[in-house]
Amino acid sequence: MDSSNNISKDEFNSDNILTCVACLRPFEDFYYLGEKYSFDLIGCNNCGTVMIDPMPTQELLDKYYTEYKGSTDYTPKRIKKIKRAKKRIEKLIKYAKGKKFLDIGCNHGFAVAAAQELGLDAKGIDVDENSLKYAKEKFGADNFEKIKLEDYVKNTKEKFDIIYCSEVIEHLLDPEEFIKNIKKILAPKGILYITTPDGNHFMIPSRFT
């Protein structure tokens with residue numbers, strides 16, 4: 001960490017974040033990265049996880065994703081994204097006990113398409129209606145559903161051998177509850193694959209603007 005980013009509680013006070021959402025340590029030792037869209041960006045010196053303060057409400061998140069248009073930028077990268085997902089899934093198949101595959105937060109359905117090409121019984125769920133429209137048109141309407149994970153868990157009896165979740169968990173207010181729900185639909189000895197962006201990656205500026 002760059003110690004020049006460290007600040008004291010006297011300089012930056014948060015009444016909202018009491019523990020790190022990743023390592024769950026008391027949120028006393030942190031560093032400040034800057035501000036974006038009226039949210040402060042702060043990081044945990046224990047594990048490096050970057051969080052925003054104050055945390056958004058669920059209502060604000062729902063509104064944001066309902067109006068979000070950025071996903072449309074992914075379609076020109078279709079071949080590249082399917083190829084990348086295919087490489088990831090090929091590694092997972094080696095350890096999977098079955099062929100049932102679920103992509104949580106499937107977006108345009110590229111990972112589902114990759115899994116299908118590899119012979120898996122693949123499905124995807126998401127809350128982004130525009131992305132799902134594309135996925136259904138390109139990769140099969142029956143393979144995708146617009147639904148939140150917690151609702152999907154309540155309505156399905158299926159168990160999945162591979163659950164794929166790429167760059168979703170960082171959008172959640174309660175990651176722990178999210179994982180508990182995944183566990184309910186993960187088959188015995190099933191594989192959970194999760195990725196999330198690195199807020200401390202060398203390509204990201206030391207202070208966000």
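Leu172 is partly exposed, with a relative accessible area of 24%; partly exposed denotes values between buried (under 20%) and exposed (over 50%), for a 1.4 Å probe and protein chains only. The model is predicted, so that local features need pLDDT of at least 70 and side-chain atom pairs count only at pLDDT 80 or more, whereas totals for chains, interfaces and linings use all residues. Residues are numbered from 1 along each chain as its sequence is written, and side-chain values use heavy atoms, with hydrogens and water left out.

Leu172 is found in the loop between β7 (160–166) and α6. Its C-alpha lies 10.0 Å from that of Met55, at a sequence separation of 117 residues. Of the contacts (heavy atoms within 4.5 Å) between residues at least 6 apart in sequence, 59% join residues at least 24 apart.

The chain has six helices and eight strands, in the order β-β-β-α-α-β-α-β-α-β-α-β-α-β from the N terminus. These elements are DSSP runs numbered from the N terminus: helices are H or I of at least four residues, and strands are E of at least two. Buried residues account for 36% of the 209 residues.

A surface patch of negative charge comprises Glu150, Asp151, Asp174, Glu176 and Glu177. Patch residues have over 30% relative accessible area and no salt bridge, like charges being joined within 9 Å; a salt bridge places a side-chain nitrogen of Lys or Arg within 4 Å of a carboxyl oxygen of Asp or Glu. Helices α5 (149–155) and α6 (175–185) each give two or more residues to the patch. Asp151, in α5, is partly exposed at 31% relative accessible area.

Key. Patch = residues over 30% accessible without salt bridge, like charges linked within 9 Å, V, L, I, M, F, W, Y side chains within 5 Å. Areas by Shrake-Rupley, 256 points an atom, 1.4 Å probe, with all protein chains shown as cover. Lys, Arg positive; Asp, Glu negative; His and termini not counted. Charge placed at Lys NZ, Arg CZ, Asp CG, Glu CD.
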